[in-house]
Amino acid sequence: MIATSLSINKVEKSKVSELDFDNIPFGRAFTDHIYIADYANGQWSDFRIEPFANFSIHPANIAWHYGQAIFEGMKATKSINGEPMLFRPEMHAKRINRSAVRMSMPEFPEDAFKEAVYEMVKLEQNWIPEKEGSALYIRPYMIAMDEFIGVQVAQSYRFVIFCCPVGPYYSKALKLKAETKFIRAAQGGTGYAKAAGNYAGSLYPTKLAKDEGFDQILWLDAKEFKYAQEVGTMNIFFVIDDTVITPSTDDGTILEGITRNSLIAILKEKNIKIEERPITIEEIMQAGKNGSLKEVFGAGTAAVIATVKAIGYNDDMVSVNPDEFKIAPMLKDTLNGIRSTRLEDTFGWTVKVV
Ligand code: COI
């Protein structure tokens with residue numbers, strides 16, 4: 001796979017032997033190398049993989065003031081035979097460019113993106129945890145690099161990829177607060193983009209929710225506080241009676257999750273009823289009260305599938321019992337099974353790195 005004039009400068013000695021694979025802190029252990037490409041004069045150049053190290057940034061870097069910063073999150077796993085594999089890299093290559101367009105940033109060529117993650121995973125394959133459910137988390141991101149004060153589209157950018165071996169993101173079932181004061185995304189806003197600012201804006205309301213004893217926020221729509229959108233770090237699914245329901249992404253306020261997309265495909269293949277549609281918090285609470293709400297779970301690259309045990313809405317609370325969930329564990333098993341080659345990848349989602 002040759003898309004760019006990629007230069008590779010390998011470390012002399014890997015740090016991988018220092019990692020305790022049985023106790024991997026999520027997002028805090030970094031592999032040996034970093035990928036960098038720079039954009040100036042209307043084009044990307046200087047595609048390189050280097051030993052992982054700090055890089056210096058001008059104090060007036062425009063991204064820190066006006067927020068031109070986007071990212072992706074994807075995972076590499078190992079097959080039963082020990083071959084490294086990527087999961088749906090083309091979807092991530094396309095999504096970062098949808099984010100780039102929305103934030104007025106240059107697109108990163110899809111071929112260069114795929115080459116970059118491919119070469120990074122090839123180089124870092126010894127860092128991929130072998131335990132099913134663990135993975136090498138790959139974090140591509142792009143930031144503006146102009147040294148300037150003034151709100152305008154930057155002329156220079158940096159695209160970076162680093163990798164972290166990770167275990168599960170959430171270790172227990174979550175209690176969600178349906179948020180009735182703060183919003184995550186409004187129609188016409190940046191909700192569908194994986195833009196850094198979307199996450200920054202969620203931190204304060206999430207802190208308040210945590211102070212009240214919740215784990216995460218279930219965001220509601222910005223206009224009426226009526227329709228469920230997504231959870232802080234993932235898309236959301238509800239099982240009511242025998243139908244799985246997930247909010248539709250048509251209005252541009254919800255991240256088009258690649259795990260979300262994969263779960264929908266698995267459900268369809270298994271002939272389980274799946275509806276992508278607006279779902280009101282009233283419908284969810286009512287289903288919780290009359291016993292038809294069977295399961296609630298979040299889905300995302302980091303989280304994979306995270307079960308939810310309760311949802312609070314104003315002074316009301318409904319609970320479900322994750323020990324009785326049937327669909328969420330089946331989906332998790334299928335996804336992890338495809339990612340480890342324990343199950344056949346009938347969808348063609350995994351790409352071997354050889
Ligand atoms: C992911 O699921 O990969 C994300 O990017 C969410 C992040 C906040 C951990």
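The side chains of Asp 38 and Arg 48 are joined by a polar contact of 3.0 Å. A polar contact is a pair of N or O atoms within 3.5 Å; within protein, one atom must be able to donate a hydrogen and the other to accept it, and residues adjacent in sequence count only if both atoms are side-chain atoms. The model is predicted: local features need pLDDT of at least 70, side-chain atom pairs count only at pLDDT 80 or more, and totals for chains, interfaces and linings use all residues. Residues are numbered from 1 along each chain as its sequence is written, and side-chain values use heavy atoms, with hydrogens and water left out.

Asp 38 is found in strand 2. Helices (H or I, at least four residues) and strands (E, at least two) are DSSP runs, numbered from the N terminus. With a relative accessible area of 17%, Asp 38 is buried. Buried means under 20% relative accessible area, exposed over 50%, and partly exposed in between (1.4 Å probe, protein chains only). Residues up to four places away in sequence aside, Asp 38 touches Gln 43, Trp 44, Ser 45, Asp 46, Arg 48, Tyr 157 and Arg 158. Contact here means heavy atoms within 4.5 Å.

The domain assignment gives domain 1 (7–166) and domain 2 (174–335). Such bounds come from an automatic or database domain assignment. Taken over C-alpha atoms, the centres of domain 1 and domain 2 are 27 Å apart. Their contact takes 18 residues from domain 1 and 19 residues from domain 2.

Nonpolar packing was examined next. In soluble globular proteins, nonpolar side chains tend to be buried together. A nonpolar core is a set of buried Ala, Val, Leu, Ile, Met, Phe, Trp, Tyr and Cys residues joined through side-chain atoms within 4.5 Å. The largest such core has 57 residues. Tyr 35, Trp 44, Leu 86, Phe 108, Ile 138, Met 142 and Phe 159 have the most contacts inside it. Two or more residues each come from strand 2 (33–40), strand 3 (43–51), strand 4 (69–71), strand 5 (74–78), helix 2, helix 3 (110–123), strand 7 (135–144) and strand 8 (157–166). Strand 8 gives the most, with eight residues. Domain 1 and domain 2 both give residues to this core, so it lies between them.

Tyr 35 illustrates the packing. Not counting residues up to four places away in sequence, Tyr 35 touches Leu 6, Phe 47, Arg 48, Ile 49, Phe 108, Ala 112, Ala 116, Met 120, Phe 159, Val 160 and Ile 161. Another core, of 47 residues, lies apart from the largest one; among its members are Leu 174, Val 231, Ile 311 and Ile 327.

Ile 327 is placed in helix 7 (residues 327–340). Its relative accessible area is 13%, so Ile 327 is buried. Beyond neighbours within four places in sequence, Ile 327 is in contact with Val 239, Val 244, Leu 267, Ile 272, Glu 295 and Phe 297. The C-alpha atoms of Ile 327 and Val 231 are separated by 19 Å, and these residues are 96 residues apart along the chain.

The ligand site was then described. Around the ligand are Phe 71, Gly 73, Tyr 137, Arg 139, Tyr 169, Lys 194, Tyr 199, Thr 233, Thr 301 and Ala 302. Each has a heavy atom within 4 Å of the ligand. A polar side-chain atom of Lys 194 lies 2.9 Å from a ligand oxygen atom. For Thr 301, a polar backbone atom is 3.3 Å from an oxygen atom of the ligand. For Arg 139, an N or O atom in the side chain is 3.5 Å from an oxygen atom of the ligand. Taken alone, the ligand exposes 280 Å², and the protein buries 88% of that. Accessible areas come from the Shrake-Rupley method with a 1.4 Å probe; for residues, only the protein chains shown count as cover.

Arg 88 has a positive phi of about 50° although it is not a glycine. Arg 88 sits in the loop between strand 6 (84–87) and helix 2 (89–102). Its relative accessibility is 8%, so Arg 88 counts as buried. Phe 225, also not a glycine, has a positive phi near 50°. Phe 225 lies in the loop between strand 10 (216–220) and strand 11 (228–231), and is partly exposed at 22% relative accessible area.
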